[in-house]
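I opened this notebook to record what I looked up on strand pairing and aromatic contacts. The entries follow in the order in which I made them.

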Amino acid sequence: MTNGETYGRTIQLFLVDGKPTGLRKATIHGWTGLLFVSGASAFGDLTARDEVDRTGVYILAGPDPVAAGTTRVYIGSGNSVAERIKQSSVKRDFWETAITVTTSDDDMSKGHAEYLEARLIEQTAKAGRVTLDNGTNPDIGRRRLPEADIANMEQFLANLRIILPVIGLDMLKPQPKAVSAKANPTSPSVSDEVQFEIRHKSGVSATAVEEDGEFVVLEGSEALKDTGYVQQSYGGLKEKLIADGVLVPQEVPPGTGKLRFAKPWSFSSPSAAAAVVLDRNSNGRLEWKVKGASQTYHDWQQAQAAKQEAAE
């Protein structure tokens with residue numbers, strides 16, 4: 001491979017009790033980091049593991065009871081992760097998934113764990129994908145480690161960026177550039193991307209780009225409201241976007257009855273984006289079309305797959 005290219009990684013996922021919903025053990029080949037993942041039913045099995053009765057960090061994650069459609073997480077650390085996560089779990093009733101992070105050689109010190117905890121909280125807040133349940137943000141500057149130890153913990157954090165999404169938690173994943181740059185359809189950061197649009201008979205117009213598996217509706221796009229459709233699977237998400245100021249009333253021209261995206265927003269799928277824009281359940285693969293053309297997102301995606309096969 002040439003410079004700048006990324007290499008493949010081998011992630012080992014072991015189902016401890018043979019069940020996909022039970023206790024799982026995850027690690028990356030050649031890395032001493034060791035993760036255990038469980039739901040509430042396997043939590044006792046998690047805390048009983050000898051590998052969890054070590055110094056490390058832990059995460060409790062689940063649906064946010066305040067903001068529908070979002071995730072809330074709590075991040076902690078301790079000399080005995082097993083004891084600390086049990087204490088934290090009793091104080092929080094939102095969590096559905098527990099994740100512990102220790103090392104296979106039990107080589108993580110209290111200072112390492114506290115530094116890693118502080119960095120996880122900092123990077124999770126920066127990514128802005130989940131709601132943090134932590135009441136305070138630890139001061140990383142107070143976690144004074146030797147330079148070599150800091151480098152090791154940063155590499156440890158880099159591996160967590162890889163493995164956490166694999167087990168279903170993308171709290172460290174950076175926002176797409178179209179979101180982080182507060183892009184608009186003419187911004188240089190998205191001008192080289194294939195753009196998709198919805199132009200509805202109601203007059204509503206929206207533009208989006210796809211980036212790193214996410215569908216980003218760009219700033220300035222419009223959305224319908226109060227259409228009266230009763231089957232709206234993403235109604236809770238739309239209410240949250242309005243409450244958070246992502247969707248605001250369209251003021252010009254007045255009295256349009258539309259909403260406007262005050263900033264870009266990343267959706268998990270084209271259908272989720274289309275449902276919010278059109279205020280009804282929608283097949284986004286058909287509703288979104290290549291900007292300035294009649295080609296649907298579905299047909300565009302099929303064409304891209306055909307090109308890739310031809311090139312191989």
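Does F43 count as buried or exposed? I noted first that the model is predicted. I then looked up F43 and found a relative accessibility of 11%. The cut-off for buried is under 20%, so F43 counts as buried.

Entry on aromatic pairs. I found 10 aromatic pairs in the structure.

I next looked up F261 and F267. Their ring centres are 6.4 Å apart and their planes stand at 75 degrees, so the pair is edge-to-face. Both residues are buried.

I also recorded one aromatic cluster, formed by F196, F215, W288, Y297 and W300.

Entry on a charge over a ring. I found R92 over the face of Y74, at 3.6 Å from the ring centre.

Entry on the sheet. I traced an open sheet of 5 strands with antiparallel pairing, in the order β14-β10-β9-β8-β15. β14 (265-267) and β15 (289-290) are at the edges with a single partner strand each, so one side of each has no neighbour in the sheet. Strand β8 (residues 195-199) and β15 run antiparallel and are joined by 2 bridges. For E197, I noted K289 as the bridge partner in β15.

Terms used
Residues numbered from 1 in each chain as written. Predicted model: local features only at pLDDT ≥ 70, side-chain atom pairs only at ≥ 80, totals over all residues. Heavy atoms only, no water. Pairing = 2+ DSSP bridges. Helix = DSSP H or I, 4+ residues; strand = E, 2+ residues; numbered from the N terminus. Phe/Tyr/Trp six-rings, centres within 6.5 Å; stacked < 30°, edge-to-face > 60°. Buried < 20%, exposed > 50% of the residue type's maximum accessible area, 1.4 Å probe, protein only. Lys NZ or Arg CZ within 6 Å of the ring centre and 35° of its normal.
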